[in-house]
Amino acid sequence: EDELLDPGAVVLRGFASAREAALKDDVARVTAAAPFRHLITPGGFRMSVAMTNCGELGWVSDRRGYRYDPVDPESGARWPALPDSFLALARDAAARAGYDGFVPDACLINRYAPGARLSMHQDRDEKDLRAPIVSVSLGLPAVFLWGGDARADKARRVALHHGDVVVWGGPSRLRFHGVLALKDGEHPFAGGHRINLTFRKVRP
Ligand code: MD3
Ligand code: FE
């Protein structure tokens with residue numbers, strides 16, 4: 001039932017579905033305290049994906065660069081704490097994929113509206129590259145692009161639906177990846193949006 005994408009990368013289809021009620025409440029609570037916003041890349045472009053964070057550290061981008069920051073630059077306050085439902089889901093999914101004892105310190109919440117996309121990139125702003133990344137897809141489906149170790153390597157397309165969880169670790173941790181432009185649609189979880197939770201352990 002679990003799909004191996006590559007050594008270290010496992011798709012757990014529907015793993016989050018049974019927990020969607022708690023996840024929906026907790027996404028609403030976090031985003032009331034730290035609203036979604038469109039970050040500016042160091043090159044000066046507005047990202048089409050809207051983002052916010054919870055946990056000890058949040059991923060932010062501005063003209064100065066990318067970094068993890070304990071403070072939300074919009075409010076000057078610390079990011080909201082990681083809800084128990086988020087922590088338990090990340091821990092249980094990681095364990096299922098063979099990573100016992102995963103305790104994330106950062107959760108990036110991405111919101112895709114129709115047309116929003118994420119171009120091919122690597123996640124390399126984290127200090128602890130041994131820890132896996134756990135990603136949870138909610139709401140509208142998307143096509144995920146799974147590339148290679150170089151930007152130009154041909155990418156595979158993987159459809160991700162509501163409730164799917166992917167755990168990325170080991171040799172797959174620095175692969176290029178992206179998300180194709182979201183198609184219009186309607187889903188009871190998030191209306192016309194896709195929400196993605198990305199759990200990371202940034203500090204060793
Ligand atoms: C593979 N987000 O926020 S999550 C990101 O669906 C990001 O919102 C996408 O890529 C999204 O950086 C994809 C899946 C993901 C996250 C991190 C990875 C896949 C990864 C790191 C290494 C390899
Ligand atoms: Fe990424």
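How many bridges pair strand β9 with β10, and in which sense?

**Before you start**

This is a predicted model: local features need pLDDT of at least 70, side-chain atom pairs count only at pLDDT 80 or more, and totals for chains, interfaces and linings use all residues. Residues are numbered from 1 along each chain as its sequence is written, while chains are lettered from A and ligands numbered from 1 in the order in which they are written.

**Whole chain**

Show the protein as a cartoon. Its secondary structure comes to two helices and 13 strands. Helices (H or I, at least four residues) and strands (E, at least two) are DSSP runs, numbered from the N terminus. The radius of gyration, taken over C-alpha atoms, is 16 Å. The C-alpha trace spans about 40 × 40 × 40 Å along its principal axes.

Now colour by burial. A residue is buried if 20 or more other C-beta atoms lie within 10 Å of its own, exposed if 12 or fewer, and partly exposed in between, with C-beta atoms placed from the backbone. Buried residues make up 38% of the 204.

**The seven-stranded sheet**

Select the strands in the order β1-β2-β11-β8-β13-β6-β3. They form an open sheet with antiparallel pairing. Two strands pair if DSSP finds at least two bridges between them. β1 (3-6) and β3 (50-55) stand at the edges with a single partner strand each, so one side of each has no neighbour in the sheet. The twist averages 20° from one strand to the next.

Zoom in on β1 and β2 (residues 9-12). Three bridges join them in the antiparallel sense. Pick Leu 4: its bridge partner in β2 is Val 10.

α2 lies across β2, β6, β8, β11 and β13, and runs at about 120° to β8. Axes are lines fitted to C-alpha atoms, for helices over the stretch in contact, and angles run from 0 to 180 degrees between N-to-C directions. Contact means C-beta atoms, placed from the backbone, within 7 Å.

**Ligand 1**

Select ligand 1 and its shell. A residue belongs if its C-beta atom, placed from the backbone, lies within 6 Å. There are 15 such residues, and the closest are Asn 110, Asp 123, Ser 135, Trp 168 and Asn 196. Strands β6 (106-112), β8 (133-139), β11 (165-168), β12 (177-179) and β13 (194-200) each give two or more residues.

**The four-stranded sheet**

Move to β7-β12-β9-β10, an open sheet with antiparallel pairing. Its edge strands, β7 (118-121) and β10 (156-160), pair on one side only. Now the opening question: β9 (residues 142-146) and β10 pair in the antiparallel sense over five bridges. Click Phe 144 to find its bridge partner in β10, Val 158.

**Two loop stops**

Gly 147 sits in the loop between β9 and β10. Gly 147 is partly exposed, with 18 other C-beta atoms within 10 Å. Not counting residues up to four places away in sequence, Gly 147 touches Met 120, Asp 153, Ala 155, Arg 175, Phe 176 and His 177.

Last, select Ala 18, in the loop between β2 and α1 (20-33). Is Ala 18 buried or exposed? Ala 18 has 9 other C-beta atoms within 10 Å, so it is exposed. Draw a distance from Ala 18 to Gly 163: the C-alpha atoms are separated by 8.2 Å, with the residues 145 apart along the chain.

Note on methods
Contact = placed C-beta atoms within 7 Å. Rg over C-alpha atoms; globule rule 2.2 N^0.38 Å.
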